[in-house]
Amino acid sequence: MKKRISLLFLLIMHLTSGQEKFPKDVFRPPLDIPLILAGTFGELRSNHFHSGIDIKTQQRQGLPVYAIGDGTVTRIKVSHWGYGKALYIAHPNGYTSVYAHLQKFSPEIEEYVKQTQYHKRSYEIEVFPEYGKLKVYKDSLIAYTGNTGGSSGPHLHFEIRSSVTEKPTNPLLYGLDIRDATNPTLQGLYAYPLSEEAVVNQSELRVQIPFSRQPDGTYLAEEVKAKGTIGFGVAAYDRQDLAANQNGLYKLEQKVNGTLISSFDFDSFSFGETRLINTLIDYEYMSKYRRRIQKCFKTEGNKLSIYGELKNDGKITVKEGLNYTVEIDLKDLAGNSTRLIIPVSGRREDAVNKMEIPKTEHYIVAGKPNNFELGKVKLYFPANTFYSDFYIDLRASGDTVTVHNNSVPAHKNFTLSFNTDGYEESFLQTAFIARLDDKLRPNYTKTYKRGNTFTTRTRSLGTYTIAQDTIPPKIRSKNFKSKQWLTNYRYLSLLISDDLSGINSYEATLNGEWILMEYEPKTSTLTYNFDDKILDKKQCNLRVVVTDNVGNSTTFTSSFYRK
Ligand SMILES: [Zn+2]
């Protein structure tokens with residue numbers, strides 16, 4: 001109820017504020033250093049568009065983070081994964097700023113967070129502080145930059161969302177000062193035959209089109225000979241002036257003979273549609289070559305809202321004997337752009353390179369639920385798990401099942417169930433469903449055990465099997481020894497690991513009282529901060545229990561002294 005009231009309040013404020021869509025002079029930057037980007041808004045990531053900007057922090061952690069405007073903290077989340085330690089501030093103009101991968105919060109917020117963590121006895125928390133309880137002002141110190149959660153190097157992930165719709169918007173629209181006079185770069189151009197009779201350069205399949213850079217900076221592609229309905233795709237990135245990072249484009253426009261037929265941009269998108277990135281890119285190509293081609297045309301299942309213009313879904317119908325000039329413009333938000341010209345000539349040419357769709361026993365009708373049974377395994381794909389119909393390759397042998405391969409994206413979770421009749425009870429206790437990675441190593445997937453069935457829900461096609469983990473986690477001290485005096489120590493550090501199913505939970509006590517330990521999976525480290533609790537005893541008995549995903553657990557005990 002409380003949350004609903006504050007949302008209504010925000011809505012009213014938003015509607016009555018009457019401000020321009022993306023106010024340019026209201027917000028200050030979140031950091032005091034020159035802003036250099038390691039990632040842009042809308043950048044193509046794995047199964048999602050990047051919802052903010054990544055600001056480089058000089059390879060360091062602990063830089064002060066400032067509130068970009070007056071506001072109140074509406075949400076704090078601390079997680080081992082994703083955003084790590086993250087702070088959300090609602091501003092009176094209807095926008096919420098988000099700061100993620102933080103090392104720690106400002107003292108006032110840190111105290112609030114620690115209280116919550118001790119109350120809930122969990123490092124991972126998510127709280128929505130009462131509206132106005134944690135007020136901040138423009139320039140207030142709110143946190144320190146870090147590398148927590150799914151971050152692979154120190155940086156600040158920064159977002160500006162609409163407080164009402166929670167849609168992330170492009171933070172560069174608010175007038176942040178980023179040095180950028182660098183044009184986007186084209187890496188690859190691809191043409192796609194799309195209609196049944198379509199042929200491009202004697203191929204019924206995707207073809208790569210060579211291009212060269214002209215003296216004036218534009219790119220000119222070699223002439224494309226085609227018939228039928230075709231489309232283009234580009235691999236491209238944008239760079240700013242002060243770093244080599246290959247960031248995402250802001251906007252793409254495609255013209256045919258001077259007429260705009262398709263365009264999309266990254267002013268904003270919704271989290272609900274972010275996974276549809278797999279319909280914008282050539283997913284199959286990405287799964288093979290790790291490079292993302294952005295299609296200038298729209299295919300089945302693509303419900304993305306990022307398009308401006310869209311004529312004939314961005315597809316080009318090529319008629320015999322006619323010539324076309326296709327122009328693709330790649331743009332960044334600073335106004336730099338790169339032009340690509342593709343001459344297309346309509347020819348009646350037969351395909352040498354033919355499309356052959358491998359037929360299998362099983363067929364997916366994307367719009368309907370699909371059920372399959374393969375030996376011990378049952379598969380259930382809800383309607384619209386996939387974007388289009390296809391022959392699915394399903395194989396089972398013993399307790400291994402192969403569900404096609406990762407060249408096809410799944411939009412929704414599907415269910416995979418193993419019948420476990422015939423296994424020893426003792427085996428089943430420490431067994432789990434594993435997905436085999438490229439190197440055939442088993443990776444734990446969350447396994448629900450009920451009766452004689454193991455079930456998992458997943459969006460990854462590939463090979464699954466039953467694996468067993470009988471080895472409990474390992475725990476060892478990192479910065480202290482048993483019976484040591486630790487009077488001047490600020491931290492207590494332990495290393496924890498699990499060989500196969502992975503760490504599920506951990507719990508630590510000092511002299512029988514629960515203590516907060518921060519787990520950093522990237523360094524396998526558990527850390528206790530001595531500031532958290534005043535110890536009233538000289539001798540401290542530490543007890544740490546770590547449990548893996550199938551329930552094996554290890555208990556570590558040690559004692560030390562402190563004045
Ligand atoms: Zn980021």
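A pocket is an open set of points on a 1 Å grid over the protein atoms alone, where a 1.4 Å probe fits, with protein on both sides within 12 Å along at least five of seven lines; lining residues have an atom within 4 Å of a point. The model is predicted, so local features need pLDDT of at least 70 and side-chain atom pairs pLDDT 80 or more, while totals for chains, interfaces and linings use all residues. Residues are numbered from 1 along each chain as its sequence is written, and side-chain values use heavy atoms, without hydrogens and water.

The second largest pocket is lined by 32 residues. Nearest its centre lie K85, Q103, K104, Y491 and E518. Two or more lining residues come from each of β8 (95-105), α2 (107-120), β43 (518-520) and β44 (525-529).

The largest pocket has a lining of 39 residues. E284, M355, I357, S388 and D389 are the closest to its centre. Helix α4 gives the most to this lining, with 3 residues. Helices (H or I, at least four residues) and strands (E, at least two) are DSSP runs, numbered from the N terminus.

A zinc ion is coordinated by H50 (NE2), D54 (OD) and H157 (ND1), at 2.0 to 2.1 Å. Donors are N, O and S atoms within 2.8 Å of the metal (3.2 Å for Na, K and Ca); water is not among the atoms, so sites may look incomplete. H50 lies in the loop between β3 (48-49) and β4 (53-56), and H157 in strand β12 (residues 155-162), so the pair ties together parts 107 residues apart in sequence.
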